[in-house]
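Please keep the sequence and the structure in view while reading.

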Amino acid sequence: MTSVSTVDRGDRVIARRVTVNAPADDLFAQVADPHRHGELDGSGTVKDTVKGPTTLSRGAKFSVGMKQFGVPYRITSTVTEFTDTGDTKVIEWQHPLGHKWRWEFVAVGPSSTEVTESFVYGTAKIPKMLEVTKQTAQNANGITKTLEKLSARYS
């Protein structure tokens with residue numbers, strides 16, 4: 001398993017990267033299907049109760065059952081970026097409170113991909129609240145575990 005590294009994407013962005021032994025197309029297809037987010041999640045908050053399309057696109061909405069601090073809830077997100085062309089593929093969705101989750105896939109070979117997952121919270125309605133409640137630290141840990149899990153699946 002390849003180790004996860006921290007990526008500097010500027011203020012109020014938490015980003016981690018790992019190289020995965022799988023084609024970019026395959027990895028992108030997993031993240032572009034919100035019904036598969038539960039199998040990717042390393043944070044333990046994403047459940048398998050998803051409503052929405054099986055393949056996302058720009059402007060698409062999907063809702064996911066979540067559970068945090070023992071409390072179940074549902075979040076509906078909107079895809080703000082979707083690029084599925086060339087050697088770099090990107091998918092990003094925005095939470096109703098304004099923060100974004102971003103995935104980038106860069107092919108580094110026919111069966112090797114650099115995967116970066118980011119939590120962009122500078123766009124959140126109350127970014128300071130996410131820091132004070134330590135949600136940013138929890139998300140950093142969740143991203144690391146998600147990418148470790150993804151890498152291990154293909155090792």
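## The largest pocket

Helix 4 contributes the most to the lining of the largest pocket, giving 8 residues. The model is a predicted one. The space in the largest pocket comes to about 810 Å³. Its lining is made up of 35 residues, and those closest to the centre are Thr45, Val46, Met66, Trp101 and Asn139.

Several elements give two or more residues to this lining: helix 2, helix 3 (127–132) and helix 4, together with strand 4 (61–68), strand 5 (71–85), strand 7 (100–109) and strand 8 (112–120). Sorted by class, the lining residues are 17 nonpolar, 15 polar and 3 charged.

Side chains of opposite charge can pair when their charged atoms come close. In this model the count is 12 salt bridges. One of them joins the side chains of Arg153 and Glu39, with 3.2 Å from N to O. Arg153 belongs to helix 4 (residues 135–153) and Glu39 to helix 2 (residues 37–40), so this pair ties together parts that lie 114 residues apart in sequence.

Are the two partners buried, partly exposed or exposed? Arg153 has a relative accessible area of 37% and is therefore partly exposed. Glu39 is at 31% relative accessibility, so Glu39 also counts as partly exposed. Both helix 2 and helix 4 are also among the elements that give two or more residues to the lining of the largest pocket.

## Asp84 and Lys89

A salt bridge also links Asp84 and Lys89, whose closest N and O atoms are 3.1 Å apart.

## A network of salt bridges

Which residues are linked in a network of salt bridges? The members are Arg9, Glu81, Glu92, Lys100, Arg102 and Glu104. Within this group, the side chains of Lys100 and Glu92 meet in a salt bridge of 3.8 Å, N to O. Lys100 and Glu92 are both buried.

## Summary

The largest pocket holds about 810 Å³ of space, and helix 4 gives the most to its lining. Helix 4 also holds Arg153, the partner of Glu39 in helix 2. Elsewhere, Asp84 pairs with Lys89, and Lys100 and Glu92 belong to the network that includes Arg9 and Glu104.

Terms used
Residues numbered from 1 in each chain as written. Predicted model: local features only at pLDDT ≥ 70, side-chain atom pairs only at ≥ 80, totals over all residues. Heavy atoms only, no water. Salt bridge = Lys/Arg side-chain N within 4 Å of Asp/Glu carboxyl O. Helix = DSSP H or I, 4+ residues; strand = E, 2+ residues; numbered from the N terminus. Buried < 20%, exposed > 50% of the residue type's maximum accessible area, 1.4 Å probe, protein only. 1 Å grid on protein atoms, 1.4 Å probe; cavity = no way out; pocket = protein on both sides within 12 Å on 5 of 7 lines; lining within 4 Å. Points joined across faces, edges and corners; volume = space filled by probe spheres on them. Nonpolar A, V, L, I, M, F, W, Y, C, P; charged D, E, K, R; others polar.
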